[in-house]
Amino acid sequence: MSDILLSHEVSINLFVESLVFLLLVVALFHTIIILKNYQKNSTTEYQYKLEKRSYLVVTIISFALIVKIILLVFFTYTLNELSNIIPGAMCAAGVIKANTYGEKVLILKIIIIMLTLLWITLNQQDQISKNYPFFKQKMYFFVAIFILITVELSLEILFLTNISTQTPVLCCSTIYKAVDDTRALPFNLSILQLITLFYLLYLLLIIFAYLKKRVMLFTFCLFYIYITYYAVVYFFSTYVYELPTHKCPFCILQSDYYYIGYFIFTSLFIATFYALSATIYKFANKNFNKAIIWYTLFVIICSFPFIFYILKNGVVL
Amino acid sequence: MLNSKYINFLFLLLITYRKKHISIFIISVIIVALVTSILFISSAIQKDINTTLQSQADFTIQRYKAGKVLNTPQSWIDEFLQIDGISKVQGRIYGMHFYEPAETYFMIVGIDFFDDNVVKTLQTLIDNIDIDKFLSRDNMIIGSGVKKFLDEYAYKDYYNFRPPDRSIKKVYIYGTLPKQSNIVSSDMIIMDIDLARKILGVEDGYVTDIIIEVPNPKEAPMIRTKLTISHFDMRIIEKEDIKRYYKNLFNYKGGVFLILYTIVLVTFLLILYQRYSMISNIDSKEIAILRSVGWKINSIIWLKISENFIVAFSAYLVGVITAYIYVFILNAPLLKEIFLGHNNLSQDITFSQQINTTDLGIVFLLFVIPFIIAIIIPVWHKSIIEPTEVMR
Amino acid sequence: MIIIKNLYKEFSQDTTQSFHALKDINLSINDGECLILNGVSGSGKSTLLSIIGAIMKPTSGSVEIDGENIVSLSDFHTSNYRNTKIGFVTQSFHLFDELSVKDNISIPLIITDLSNDEMDEYIKHAMKIANISHKSNQKVKTLSGGEKQRCIIARALVNDPQIILCDEPTANLDYTNSIKFIDIIKKLKEMKKTLIIATHDPLFNNLACADKTLNIKEGSLE
């Protein structure tokens with residue numbers, strides 16, 4: 001355990017996460033004061049002071065978002081580095097699976113960034129509207145995000161303190177089953193069916209976004225994340241690696257593959273953000289078109305290695 | 001809003017009121033330079049050691065009895081050759097020789113000149129080495145640290161070794177190892193393996209240890225098992241273990257430094273917080289002017305954060321450049337000794353020039369981000385100053 | 001048009017003592033009018049101006065500018081309002097002493113969407129009205145009192161505001177410069193700006209271009 005904690009990357013990760021957490025505790029403190037005392041149409045000096053307090057909360061959350069994005073990238077880098085001192089791990093995939101907390105931490109980190117972005121969208125609208133229409137809602141929203149951040153930090157500490165440097169972990173070829181095991185795919189789909197579904201869903205999303213069908217877009221957007229995970233890991237990544245048995249969502253983040261993983265996941269993330277914000281917030285209608293653009297970009301980036309491989313080699317893997 | 005006018009104004013304010021930030025800037029540069037130097041030195045040493053370890057054997061076998069390392073029987077070599085998957089087994093002779101005049105130890109390494117690989121390596125280390133000439137009499141090649149000590153005691157052409165059998169062995173100095181390899185070779189003496197055996201007093205039929213090469217790493221665990229059950233008075237050192245050991249050692253040493261750094265950083269952040277919490281008249285006036293002409297609180301907050309970010313980031317850049325010069329050009333006086341430990345011989349080491357982007361990223365995370373965190377609350381306090389009091 | 005209804009401002013030093021800076025102010029000012037607010041120090045002139053300029057919130061009452069009540073607006077909107085509709089001229093020279101005249105004047109425009117060329121045009125125009133163009137690149141700390149005042153005027157005018165609020169503008173000026181200031185006021189009146197000048201300088205008594213003169217005493221209008 002101490003080997004892991006002493007690794008520079010891990011201790012720095014935890015140190016910066018803790019600092020950001022402390023800052024968010026300050027923001028929470030002010031949020032609670034605001035929630036207890038804010039009265040919407042009052043114009044007293046005290047209400048004005050509460051409005052000014054809210055600026056601190058906004059600044060802290062905006063800054064925390066920037067740092068959390070940097071830390072997410074650094075976290076994936078840390079996982080890769082840890083694979084050097086954990087027996088059996090060849091990349092981050094093995095490290096993540098070293099205990100039950102790993103995947104939960106990673107997913108939670110991504111969810112928190114998404115929610116914070118949605119919070120900032122709400123806040124921006126609140127500030128430019130007259131009379132702060134979403135003032136209290138955004139404060140409650142922040143409290144919810146803060147609870148998730150507390151869970152995330154706890155899980156991260158549990159994850160990092162429970163990785164053994166003695167027990168070997170599995171490598172991605174075992175985790176993601178190098179052998180063509182169709183039980184790994186959802187709904188017992190074959191690869192061909194999965195990819196067809198991937199493209200079909202994309203088209204559906206575009207149509208829903210174009211027609212501004214909020215409920216359908218919201219539902220399918222979340223379902224699409226689930227499908228794309230499998231599509232990327234079990235199909236598209238194999239064309240990045242040019243190896244049918246190499247199925248791993250982490251190796252595509254490495255320099256050997258021109259960091260294409262970052263482009264894939266970032267474009268999907270941004271597309272999802274625009275889709276979610278357009279469906280949740282009535283004032284964010286402009287985001288429907290942005291969602292269309294980013295989903296298209298995502299599909300192109302995913303398809304590019306596959307198409308390139310076919311054009312170059314004339315066969316599929 | 002992030003347009004050229006805004007950026008111009010930002011830099012204008014910074015340059016005009018630079019006196020406000022100068023002390024913090026200087027302290028920041030020192031802190032960044034210190035932590036970056038440590039990271040640079042650590043990475044450079046690690047890289048050098050990793051490169052050296054590349055050529056390390058996959059397995060090293062030593063005879064181990066009652067907690068002591070003894071000379072290993074040469075008969076084990078034939079036994080190990082029988083194990084499938086092993087491509088090469090070789091006995092090595094090396095050991096420490098006590099150099100009385102300076103009361104220091106040298107490392108004597110015996111080389112088997114019948115081994116082509118070894119000869120090739122030696123030829124890359126010493127230009128124009130004539131093997132026949134080297135073997136024509138008792139010759140040795142010495143590290144630069146050894147040469148320095150021998151010169152001091154006027155042993156310019158040869159040195160008389162005193163093996164355990166009380167004889168005197170005169171060995172001539174053929175050449176010196178290149179300075180670049182000082183990190184491992186400074187206190188090393190290379191000679192023919194039989195000569196080394198005589199000087200170190202290793203009995204016939206024994207070697208210091210046995211190295212084993214295993215070309216296919218997937219077979220390593222099985223081979224390790226077979227080796228383990230072959231003898232019970234044996235210690236196996238695997239290359240991966242050494243790599244992991246060094247990585248953990250560096251993490252430990254680095255960890256100690258990081259703890260010290262954290263203490264320094266937290267103190268600095270508290271000073272920063274205090275310093276920027278003091279609202280001077282100039283600050284109040286500045287905010288009042290900006291608010292009265294229509295700047296939003298948000299805009300002022302981000303202006304102030306940007307100002308501080310530029311101070312922090314410039315300090316980061318200057319600190320990194322200073323560290324680079326200190327470590328790779330001036331060769332890190334003082335800090336070098338702390339890292340390498342004051343060994344018997346002076347470590348006349350040059351750090352190989354290379355910048356690890358990870359190290360730069362780590363310094364950014366360890367300095368710039370905490371810096372901004374420390375100033376957010378003071379900046380907010382300033383930005384919400386009511387202009388009315390100042391406007392009277 | 002500015003319409004002020006039932007405006008109160010109370011400063012609560014502590015729970016037992018509070019100070020009523022403004023009591024039940026009711027006032028309306030048409031576009032292009034020049035209003036002189038007469039009153040001694042502490043009568044509430046500055047407070048009233050601060051509330052009209054949205055740098056202070058009243059305790060109760062409303063301030064309608066072109067039909068919009070600015071009192072309950074968020075900081076985003078009040079700042080916008082100040083940036084586009086208000087120009088402040090104060091008695092103290094609230095300028096960045098180490099910056100040049102031009103840089104000081106440009107500050108209200110930095111947060112707008114104007115291009116650099118458009119910004120330069122606006123600045124030139126403002127400097128011309130205030131008669132400070134010849135000092136454009138000089139540092140403010142090297143200017144005389146009158147020149148500093150004109151710099152403030154230029155800054156107040158640069159964003160082409162409809163309303164100019166002047167709080168004791170001649171308090172720190174000598175007679176000559178005060179006259180020069182009044183000339184500029186006349187120019188602004190010709191430009192159909194709404195002017196509200198809070199002062200107890202007798203030079204403003206019986207000012208020809210003034211449309212209204214009101215006295216304010218202990219927070220109330222007489």
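Here is a short walk through this predicted model, from one chain to the places where chains meet. Residues are numbered from 1 along each chain as its sequence is written, while chains are lettered from A and ligands numbered from 1 in the order in which they are written. Because the model is predicted, local features need pLDDT of at least 70 and side-chain atom pairs count only at pLDDT 80 or more, whereas totals for chains, interfaces and linings use all residues.

Let us start with chain A. Chain A has 11 helices and zero strands; helices here are DSSP runs of H or I with at least four residues, strands are E runs of at least two, and both are numbered from the N terminus. The C-alpha atoms of chain A fill a box of roughly 70 × 55 × 30 Å along the principal axes. Of the 317 residues in chain A, 41% are buried, where buried means 20 or more other C-beta atoms within 10 Å of the residue's own, exposed means 12 or fewer, partly exposed lies in between, and C-beta atoms are placed from the backbone. Contacts call for C-beta atoms, placed from the backbone, within 7 Å. Among contacts in chain A between residues at least 6 apart in sequence, 68% join residues at least 24 apart.

Next comes chain B. Its domain assignment, from an automatic or database source, gives domain 1 (4–52 + 245–391) and domain 2 (58–237). The C-alpha centres of these two domains of chain B lie 48 Å apart. Phe106(B) is found in strand E6 (residues 104–111) of chain B. Why does Phe106(B) count as buried? Phe106(B) is buried because 25 other C-beta atoms lie within 10 Å. Beyond residues up to four places away in sequence, Phe106(B) touches His97(B), Tyr99(B), Val146(B), Asp187(B) and Ile189(B).

Now to the nonpolar cores, each a set of buried Ala, Val, Leu, Ile, Met, Phe, Trp, Tyr and Cys residues joined through C-beta atoms within 7 Å. The largest nonpolar core holds 200 residues, of which Ile60(A), Ala291(A), Val32(B) and Ala154(C) touch the most other members. Apart from it lies another core of 37 residues, including Ile61(B) and Met191(B).

In chain C, strand E3 (residues 34–38) is largely enclosed by the rest of the structure, because four of its five residues are buried. E3(C) pairs in the parallel sense with strand E8 (residues 194–199) of chain C over five bridges; pairing requires at least two DSSP bridges. Cys34(C) stands opposite Leu195(C) in E8(C). E3(C) also pairs in the parallel sense with strand E9 (residues 212–217) of chain C, over four bridges, and Asn38(C) stands opposite Asn215(C) in E9(C).

Finally, the interfaces. Between chains B and C, 24 residues of chain B are in contact with 24 residues of chain C. The side of chain B that touches chain C divides into 13 nonpolar, six polar and five charged residues; Ala, Val, Leu, Ile, Met, Phe, Trp, Tyr, Cys and Pro count as nonpolar, Asp, Glu, Lys and Arg as charged, and the others, Gly among them, as polar. Elsewhere, 10 residues of chain C are in contact with 10 residues of chain A.

Key:
Two residues are in contact if their C-beta atoms, placed from the backbone, lie within 7 Å.
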